Amino acid sequence: MPEEIVRSYLANPFLYGDRSFCTGCGDYVSKAELCWIETRQPLREYFDALRAAATPELRARAHAHYRGMAGH
């Protein structure tokens, strides 16, 4: 992943959906199908932990953002 994408995930783990780009197959796939090369940790597990550790303020902003997108 490019560094700016990694930083955006770390700043707001709610920013992106459940799919991510796989460099192996060259397509977007579910995070459940991907893992970090260095640790073999599944991406879904990693991002679930980031979301669980998010501050209440970040959670509220993310939920408000997605509620606002519901009509689109």
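Over the ring of which residue does the charged end of Lys31 sit? That ring belongs to Phe47, and the charged end of Lys31 lies 4.3 Å from its centre. A charge counts as sitting over a ring if NZ of Lys or CZ of Arg is within 6 Å of the ring centre and within 35 degrees of the ring normal. The model is a predicted one, where local features need pLDDT of at least 70 and side-chain atom pairs count only at pLDDT 80 or more, while totals for chains, interfaces and linings use all residues. Residues are numbered from 1 along each chain as its sequence is written, and side-chain values use heavy atoms, with hydrogens and water left out.

Now for the rings themselves. Three aromatic pairs turn up in the structure; rings of Phe, Tyr and Trp (its six-membered ring) pair if their centres lie within 6.5 Å, with planes under 30 degrees apart called stacked, over 60 edge-to-face and the rest tilted. Phe21 and Tyr28 make an edge-to-face pair, 5.2 Å centre to centre with 65° between the planes. Tyr46 and Phe47 have ring centres 5.2 Å apart and planes at 85°, so this pair is edge-to-face. Ring pairs also tie Trp36, Tyr46 and Phe47 into a cluster. Phe47 is buried at 2% relative accessibility, whereas Tyr46 is partly exposed at 24% (buried means under 20% relative accessible area, exposed over 50%, partly exposed in between, with a 1.4 Å probe and protein chains only).

Val29 is buried too, at 13% relative accessibility. Its C-alpha lies 5.1 Å from that of Arg19, ten residues away in sequence.
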